[in-house]
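Try each task before reading its solution.

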Amino acid sequence: MNTRNVGEMKLNLVVTLGTADTTIADVFKFEPGQVVELRQLTTEPVELRIDGGRLIAVGEMAVVGPHRAIKLTRVLPVEQRLGWRRYE
């Protein structure tokens, strides 16, 4: 890989609002309009992950014009965000 272009690689960012436990039987019964309650409180931060896996930051839900957004409140160090190890 040409390391000069690594900064231009595209990543898929995924926001995790919360989690919930359920059963397969309940998933089969999901219908439009149904509410699925999450464990997290509305005051808890949301998680920003790369491709749904590696946590890179947390923040608060926000609105920018007609779009949903995240105001970052904590960002992990770059080595942790990208899974790099620092060798000294």
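**Exercise 1.** Is Asp21 buried or exposed, and which side chain does Asp21 meet in a salt bridge?

*Solution.* Start with the surface: Asp21 has a relative accessible area of 65%, so it's exposed (buried is under 20%, exposed over 50%, partly exposed in between, using a 1.4 Å probe and protein chains only). Next, look for a partner: the side chains of Asp21 and Arg39 meet in a salt bridge, N to O 2.5 Å (a side-chain nitrogen of Lys or Arg within 4 Å of a carboxyl oxygen of Asp or Glu). This pair ties together distant parts of the chain, 18 residues apart: Asp21 is in the loop between strand E1 (13-16) and H1, Arg39 in the loop between H1 and E2. Helices (H or I, at least four residues) and strands (E, at least two) are DSSP runs numbered from the N terminus. Finally, Arg39 is partly exposed because its relative accessibility is 48%.

A note on the source: this is a predicted model, where local features need pLDDT of at least 70 and side-chain atom pairs pLDDT 80 or more, while totals for chains, interfaces and linings use all residues. Residues are numbered from 1 along each chain as its sequence is written, and side-chain values use heavy atoms, leaving out hydrogens and water.

**Exercise 2.** How many salt bridges does a search of the whole structure find?

*Solution.* The search turns up three. Besides the pair above, Lys29 bridges to Asp26, with the closest N and O atoms 3.7 Å apart. Then there's Glu47 with Arg49, at 2.9 Å.
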